[in-house]
Structure formats: C-alpha cells, structure tokens
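We will visit some charged side chains together.

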Amino acid sequence: MWKRAPKQLFPLSYRSCATINLPKNVNSDMPKAYSPALVEGKWYEWWESNSFFKQHRPLSSSEKFSMVLPPPNITGTLHIGHALTCAIQDSLVCWNRMNGKDTYWFPGCDHAGIATQAIVEKNLKSQNLTREQLGRDKFVEEIWKWKHEKQDIIYQQLKGLGSTLNWDKAVFTMDPKLCYAVNEAFIRLHQKGKIYRKESLVNWSCQLRSAISDIEVDHQSIDGPQGISVPGYDKPVTFGYIYKFDYKLSDSDERIAVSTTRPETILGDMAIAVNPEDVRYSKYIGRSVVHPIRHDKLPIIADSMVDQEFGTGAVKVTPAHDQKDYEIAVRHGIEMLSIFDNQGIANKNCSEFSGLPRFELREKMIQFLRDNNLLNSILPHQMSVPRCSRSGDVIEPLLRPQWFVDTQEMAQRAMEAVKSGNLKIHPPHFENVWFEWLGNIRDWCISRQLWWGHRVPAYRFAGENDATWIAAHNFQQAVELAKHQNLPFSTVSQDEDVLDTWFSSSLFPFSVCGWPEQTIDLKNLFPLNLMETGHDILFFWVARMVMMSLELTGELPFKEVLLHGIICDSQGRKMSKSLGNVIDPLDIVYGSSLKCLEDQLESSLKKGHLSSKEFEKAMTEKRVTFPDGIPQTGSDALRFTLCSYNVKSHFINLDMATLKKNRLFCNKIWQATRFLFQLLDETFPQKSSNEIYLRKDPIHSSLINQWIMNGLDKMVSQVNSAMSRYDFHHATDALYTFLYGSLCDVYLEAIKPLTGVDKQESAHVLAICLDVALRCLAPFMPFISEELYQRLHKKLADHGIQSPRSMSILIAKYPVKDEFAIWKNAELEQNVDLILRVVTELRNVKVEYGLAKSKPEAILICSSENILSKSDQYSKLMATIGGLESVTICEERRLQNSKEKVWVSRTVDSCSVHVNIAGMVDLRAELKKNQDKMRKLVDKLSRMEANMNSSSYQLSAPSHVQDIHRQKADSLRNEINSLKLYAQKLDEL
C-alpha cells in the first residue's frame, strides 16, 4: 500500500468530499469525558436526511445485500430481544454497505392478530368495556388507533438504537398491498387444493374463543397436584391428579376400571379402548359398557395406540375433546359428541349439567362418581397441561370447521432445500431440529375466530341442499366466479374468521418486495440474502416462509438462515412479565430513574397490560435489580455488548456489568482520540504546507510502530473473517483487544515520552490506527464512530494532513484483509507479547509491595536472540509502560541481595525478571500493616461464619442471600490467604 502512494498518510482510495454539511460542530474542543447523550444526538437524523441507508448505484449494476427485520408486533414497545436482533442485523447491513454493496433492510410491523386483540380487550376492560359492546367495526377502529400509537413508538425505538433501515420501504402487515398478497396467496392455494376446509379437532382457547396452532401451545409440566390460574376462574384450578373409576358392562355385573386426568369430559365418552396385546382385557373386546349418565352403550375396542402402562390400561375415548381419542375414533368409525361451547361451558348434550363451566363440571362429575359408587381412587399424577401462549388459558380441544393448509409436499421440499445445501442454517445443529419437525408436520390450521386480522377471502354460496366455498378478492369477484361455474345459490356470505397471523408473516420476504406483482424490487432483491431471527420461531416463521415461498414463487425466500439465542437476565432467567425482568432497551440507552421505572409499571397496570400479580413481581424486581435506576449507557455500548455474546448460543445472559464495561470502552476510545489531537497540536502547531508521509518501509519504523501496525493488520483480518462467519463476538473481541489492550494500554503509553521525528511519526501511525479502527467499529458503534471519524479528519485537514474521507463513515470503505499485509510480523508480535507478560509481572510486584508510585530498577534475564538483539528498544518499552527507572536485558547474571540490592524475582516462560526494592519498602512497617489488616479480616470472617452457622439463619435466610454470604466468606478467606503469603515473603526479605 505504501508503494502505491508513499506521500499520502491515508493511501486508501474512497470517495472524498470537499464540503460536508454536518449536524454538529466537529471542530469544537472535545469534552474531557465521553457522554453518550452528546455523542449520539443529531447523527441519525442527518444520516436519514442524506439517504445514507439507501442504495447509491443502479440496481442492475451492483452487488446487493437484502434482508428483512422480523416485524415487531404492535402489542407494545420493543424489548431487549428486539434490540439483540437489531444489533446483529444492523452490524451485517453496515458491514455489507461499507464493503460496497447496495443494502436493503426492510422495516415493518406485524398486526399480531391474537396478541393485539387480547391486549386491546384488556385495555377496554380497564374502561369497563367489551368488544361485544362496541361491535366488530368499532372494535377494529380501536385497534387501528392502538396500531398508530404503538407503531410510532416502535419506529422511534428502532431509530434510537441506530438501526439503519430503509424507511421508504416500511410496511405494516395489513397495508393494502400486503392484504392483497395475503388474499392472492389464499386464492391460489385454494385453487390448487392446498387449502381446504373441514371439521376437525383443534386447539381451542376458551378465553380468546378461537382456535390456535399446535406451536402456539405451551406445555406446562407438573409433578403432582398444583393450582393453575385459568382465565375466567376466581380460584386456581388444581391439576396433577389421575382419577380411576368404573364403567359397568352392559351384559353382566362386571365392571371395567378406566383412568383419566379429565373427569369433566366423561359426558363426551363414546367408547372404551384397550391395547389388543393386553391380556387383562382380551375377554372384554367387542363387548360394551353403559354410560353412567346417558345410559347408552359404549363399545369396548382394541387399539394399539393405548398405553398399557397408563393408569389401569383401559382408557375412555372422548373423540370430540382429545387428539388421540379423535384419531382412534376416526380409525374405528366412532361417533363424536361435543359437550362444550366456545367459552368452555357445558352445552345441551350435558343434560342436567349444561351451563356449567368445564372445571366446575369436573367437580360435579367427581361427586357424581362418588355418589354412585363408581369412583375408585384419586392419586397424584405427573402430567403436562397444554396452555395458550397468548392468554394463559388451558387448551380445550374442540371439533370445529376450520381452514387448513396441506403442508405435506411443502415440508418435503423445505427439507430437500436444506439437504441439498441450497438453504444453509446457522448454527448447523438446528438442521436436525428442522428435519425432525418438518418430517412430523401436520396440516396447518390457518383460521382464527377473531375480529382483528386478514379476513378469510372465502365466500359461502348456499343452495337448497348444500353449500360451496369460493375464494376471491371480493364479493363481486366471488359472484362472477360462481356464475361462471353455473353454481346455484340462494345466499352468499363471507367467512367471519380471520387468517392466522403466521399465514401473512410466511409471505413477508416476497410480499414486501411487491409480490404478486412483478415489481423491480421482486426482480432485483428477492430472494433475500439472509434471514436472521431467534431460534424460538424457527417453526412459527422460518419453516413456513420457506414452504410458502417454494409453493408460490418457486424459489427459496432467502439463501441462509442465522438463528440467535433467547436473551435472558444476568441470572439466566428468560425475560417475561411474570418474572418482572423485562427491560426496555431505551431505558438502557437513555437511562431511567427508579421512579420512572415504577411509573411505567403503574401505567401498564392501570391499562390492564399487567395483572396485579405481575405488577407486584415486576415492582419488586426493579427495586432489587435497579435500586438507583438504570444508568445511561448509550446505544453504542448496548449494541456492542449484545454482539459481544455468542449469539448462536441457546441462551444469552445480559449482564449490566458488561454494559458498564463497554460504556467505559467508549470513553477509552474517546480519550485516545483526544490524545491524538493533543499530539497533532504539539507536532504541527501551525498548518503545514508540506506533504507529509509515513516511511514506506516498515523495517525503518520504530519497533512499537511496527508492532501496532502488525496488530492493526491482524485486527482487520480477524474482524472480517468473524463477520463472514457470523461470529460477532469474535469481531467485537478483536476490536476490544486491539483498541483497549494494544492501542490504549500499550501504544499510547509507549509513545508519550517521544520527541521530534519519532513523535511525529507516531502521531501519523496513531491517526491511521484510529481511522481504520473506527471504520471497523462502525457496524457495532455507529454513533461514536461517526463522531470521532468526522472530528479526526477535520483535525487532520486543519493541520494540512491529507486524509480523503467519505461524507459519512456509514458509506466509507471498510478495511479489508491484507490491506496492511506489509506490516505483518509474527516474530515481532511473539516477542512483544512476551515483553508485555513480563511487564504484567513487574506491575504485580509493584502493587504487591506497595510501589505503585515508585520507579524501581529491573533486570530481565532472557535467552531469546530476537529480544537480546534489540535489547535497547525492548528495555525502553518495558521501562516506559511498566513505570520503571530502568530495565537491563541480559542473557545471564548472578544476583545477590545486599543493603543496596534487594531482589524480588518472578518467572515468565523461560525468562526471569528481578525487581530491586531496596530502600523503597519499610519491611517492618509493611509487615505490621499486613498483620493489622489480616487481624481485622479474620475477625470479620469469624463473625460472618458464626451468623451463617446459626440455626435461625439457616431456616429464615433466603437461599439467594445465603449464596451471596457464602461467596463473601470465600472472598475473605482468599484475601486472608494472600496476606499470609505476603507476610512469608516479607519475612524472607
């Protein structure tokens, strides 16, 4: 690189701008300390107004990178999981943009049918209103008002996080063009026979009065009797029992005992099933029992699905309220009887029990069995309770006519895409999960009994004897199709149901590009390059996008899938309202007082978004975790922190201490830039008219300059390699190690004493390092990178130093691998690494003996020819950064203690380092101070152990408090042991 432009400080060819209208005065003096509020203000609006997020070249002539942001639900504001997604995706978008690609990052919001309807209903409940009182049209109007409010907040949050989205392409999943795409997809699939309607057993939420899909059901495992809060019931409903009761045979006085966990469904029993291999029941197969309430006969059938080990081995078959029973009934042609309505109330088929809520009916059934001498036992039982992930309701399987998507062939094609390598999944272990789920997929129920969402575009044409469904965009089109088919009908009505939210979401990668119209975006930006999202919606969303895209467009929706983990708190707990540990990312960015956090919770309680229990839990959690509120960290530190975790892990624990560390990292970069500006002012007090250049031959540069440039080359290579593998934590680690560890902690300290030409050359090197590092850092920390990038180049220009620059760092050229290859020097890197480890030991000795402010002399005995040949340079480096009077490097020397020489020795690899502490340490005073400190610590430990060993403490102190105290006691023991070792060393001296 230096040969190409030896007289140019920044020999990199990227766009320069003579005049840049910046939103800030970057020529002003830099504040002494970094402040995220000052740094992060104004830049985003400037980026957006100058279209830095958009393309800059004709679509057909440039390489592109396209991706969609998983559209946040309008149920509320963003949480820290959304911030993780934004941090990951924006780093990729920025990296690709700076590498010369046109980037298209589609923003949007999802209407989230079930979730949004539920939360708006809660909001209405706080006003003593119901959706039924409003009516469908008025209720939908209320949701649109909610949507406008929440979408604005969500978009402001995304901008506050620095997300460089293409806002001109923002969509809402119920925008007209997306509604048209949803209808078109339904119509095409219906015409192909891929969408069909039938009565089937579905997962029903009585609270929502709607069907939900299998993957919207959470299975709560319980080991025995446990109360569970169920919407609509004042008291917790007890689960975790198995009930054994008798059915009387119709042809004898014999009885057959059956087992169930759901006695409330007895009224829907239509058969008794046993395993054909179970010899206990062979004689009963083909006979019948009498229903104890209806008094009709129920057949005893043999089916291999019956588990001989469950209960008595004989089970009642309730096909209208149990999935396995439904499948048995289908195989054996058994009639199905529904006993609950949409709200879980016993219907007219329950005779005198009709009108009872299902779990009250349970108690009545148990009492009935007991009164009629049919109940044998009630025993604790380990079981799984299916619950609605949206409402918390206990799922009630019900027979209902629904719309389904035939997914069998689609799933096969989706599996083949991964097997062939056409679709890559990161991390690859999720491929096995992909195959397992798609290999066992069932047809997808896509209709929901809601008022909010895409209404099913199907019209029922009823004749005298039957009815036919026609899929169409509107009523007029449906009637024309019916007439074209010569279909006789007397009435026409559109289905009242809406489509599953995931149906519209499954079209998102191509509907945002304009499908079904053949738009320019669809032609040039689809398929997308990457789908990045949480692994928890691999099936909810990713698999369905792949299936629908292959079916409707014939192409994969994207080339790669990157799955990140679920973000948790520092204790490893998932963030949820029930735990009260949910964090608004902007509370971290801007900071928030405890009072403000409490006010937010009280507002959510009043609006019905939090239950009283959730409110109390959240309030306690906030007061314990943030007693002084949340300190302002800034968007940059938050983004960098989120990307510093291995996002491919299953779980990611967010630690506030890491956030604080990375805010300090921002300050470190800030101070390094201030130091450079001071260096430039000292080196070039006036604007120079001469061309300034760095020596083109690294061999003639100083050792420390060669070392830092080698480190720069290594960092650039590591960051690019990590980004290409989606290993963001390796990229951030390389940046942190170089900027904090190498540049700030070593290089800056090493060049502080320099003068003359050496000082000038080091200023040039430091400027190059900061420019390159800021461009590498920009995808993770765009705000501070832009601020310092603009200040740096303005400062260089003021001193007459050539530094071509882009209008914004967001469109500057990203440093590439081997751009600084001429500075590679593995041998030098190895030597300096050894020297730095020696310096660490020297610093440890100084701290150990209380010499932090003293400058003792030291000797390094080392056999390395590479170090010995440049002993003068390494000696100066060690003395400067180690805070020593002098360092002598030699191959061999005999050392003896005397009045003038008291040596403290340490070993580092094959070398030994010796520090002369003579006259610097009052050994007797140091020994006494050490003994006094040790005595106080021993007393403190004794008191703590006495308290911890008391029976009252062990009984009353919470477990987490005991854990904290145990850790404190261990820390005291370690400190006491360290003081003992120090005392021994003092005795030896």
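This tour goes through a few salt bridges, stop by stop.

The model is predicted, so local features need pLDDT of at least 70 and side-chain atom pairs count only at pLDDT 80 or more, while totals for chains, interfaces and linings use all residues. Residues are numbered from 1 along each chain as its sequence is written, and side-chain values use heavy atoms, with hydrogens and water left out.

A search of the whole structure finds 57 salt bridges (a side-chain nitrogen of Lys or Arg within 4 Å of a carboxyl oxygen of Asp or Glu).

Start by selecting Asp303 and Arg331, whose side chains form a salt bridge at 3.0 Å, N to O. Asp303 sits in the loop between strand S14 (297-302) and strand S15 (314-317), and Arg331 is in helix H8 (residues 323-332), 28 residues apart. Helices (H or I, at least four residues) and strands (E, at least two) are DSSP runs, numbered from the N terminus. Asp303 is buried at 4% relative accessibility, whereas Arg331 is partly exposed at 45% (buried means under 20% relative accessible area, exposed over 50%, partly exposed in between, with a 1.4 Å probe and protein chains only).

Next, pick Arg448 and Asp500, a salt bridge at 3.2 Å, N to O. This pair links strand S21 (residues 447-448) to the loop between strand S25 (498-499) and helix H13 (501-505), 52 residues apart. Both Arg448 and Asp500 are buried.

Finally, select Arg837 and Asp909, joined by a salt bridge at 2.2 Å, N to O. Arg837 is partly exposed, at 38%, and Asp909 is exposed, at 52%.
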